[in-house]
Amino acid sequence: MCSSDLTITRGMSTDNRIPCIKAIRLHTGWGLKEAKEWTDVLMGHYGSYDQWVPGKGKNTMTLKTPEAAENLLRDLVGLGCEGFLS
């Protein structure tokens, strides 16, 4: 049985960010704010005084079921991301 922890390591960019946010919201039930903040950790974001804060390069989430984690990973990989289940 697979775990429900999903880590995305790379591949998210400004080109695929919006579809990735939509996929995250679909599989997690999160709102727009939570999904956007999760992607900010990967990509980076503008902080105070419009200074660019670089991303950490990877981010992990725990989903409710292993199936949800597998489905989200499949969708994000289809959008160009790389990651793994753990």
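This is a predicted model: local features need pLDDT of at least 70, side-chain atom pairs count only at pLDDT 80 or more; totals for chains, interfaces and linings use all residues.
Me: Starting with the helices, at what angle do H1 and H3 pack?
Reply: Helix H1, residues 17-28, and helix H3, residues 66-78, pack at an angle of about 170°. Their axes are 10 Å apart.

Me: Parallel or antiparallel, then?
Reply: Roughly antiparallel, because an angle over 145 degrees counts as that.

Me: And is the crossing left-handed or right-handed?
Reply: H1 passes H3 in a right-handed crossing.

Me: Which residues meet there?
Reply: From H1, they are Cys 20, Ala 23, Ile 24, His 27 and Thr 28. From H3, they are Ala 68, Asn 71, Leu 72, Asp 75 and Leu 76.

Me: What classes are they?
Reply: The contact of H1 with H3 has six nonpolar, three polar and one charged residues.

Me: Changing topic. Which residues touch the most other members of the largest nonpolar core?
Reply: Leu 6, Ile 8, Met 61, Leu 63, Leu 72 and Leu 76 do, out of 19 residues in that core.

Me: Which elements give two or more residues to it?
Reply: Strand S1 (5-10), H1, helix H2 (32-43) and H3. The largest share, five residues, comes from H3.

Me: Why would such residues sit together?
Reply: In soluble globular proteins, nonpolar side chains tend to be buried together.

Me: What does Met 61 touch?
Reply: Not counting residues up to four places away in sequence, Met 61 touches Ser 4, Asp 5, Leu 6, Ile 24, Thr 28, Trp 30, Trp 38 and Leu 72.

Me: Now Ile 8. Where is its place, and is it buried or exposed?
Reply: Ile 8 is in strand S1. It is buried, with a relative accessible area of 0%.

Me: What is Ile 8 in contact with?
Reply: Leaving aside neighbours within four places in sequence, its contacts include Trp 38, Leu 42, Leu 73, Leu 76 and Cys 81. Asn 59 is also among them. The C-alpha atoms of Ile 8 and Asn 59 are separated by 5.6 Å, although the two are 51 residues apart along the chain.

Me: One more, Asn 16. Where is it found?
Reply: Asn 16 is in the loop between S1 and H1.

Me: Buried or exposed?
Reply: Asn 16 has a relative accessible area of 8%, so it counts as buried, the cut-off being under 20%.

Me: What is it in contact with?
Reply: Beyond its neighbours within four places in sequence, Asn 16 is in contact with Gly 11, Leu 79, Gly 80 and Cys 81.

Me: And how far is Asn 16 from Leu 42?
Reply: They are 12 Å apart in space, C-alpha to C-alpha, and 26 residues apart in sequence.

Technical notes: Residues are numbered from 1 along each chain as its sequence is written. Side-chain values use heavy atoms; hydrogens and water are left out. Axes are lines fitted to C-alpha atoms, for helices over the stretch in contact, and angles run from 0 to 180 degrees between N-to-C directions. Helices (H or I, at least four residues) and strands (E, at least two) are DSSP runs, numbered from the N terminus. Angles under 35 degrees count as roughly parallel, over 145 as roughly antiparallel, 65 to 115 as roughly perpendicular and the rest as oblique. A crossing is left-handed if the near helix is turned anticlockwise from the far one by less than a right angle, and right-handed if clockwise. Contact means heavy atoms within 4.5 Å. Ala, Val, Leu, Ile, Met, Phe, Trp, Tyr, Cys and Pro count as nonpolar, Asp, Glu, Lys and Arg as charged, and the others, Gly among them, as polar. A nonpolar core is a set of buried Ala, Val, Leu, Ile, Met, Phe, Trp, Tyr and Cys residues joined through side-chain atoms within 4.5 Å. Buried means under 20% relative accessible area, exposed over 50%, partly exposed in between (1.4 Å probe, protein chains only).
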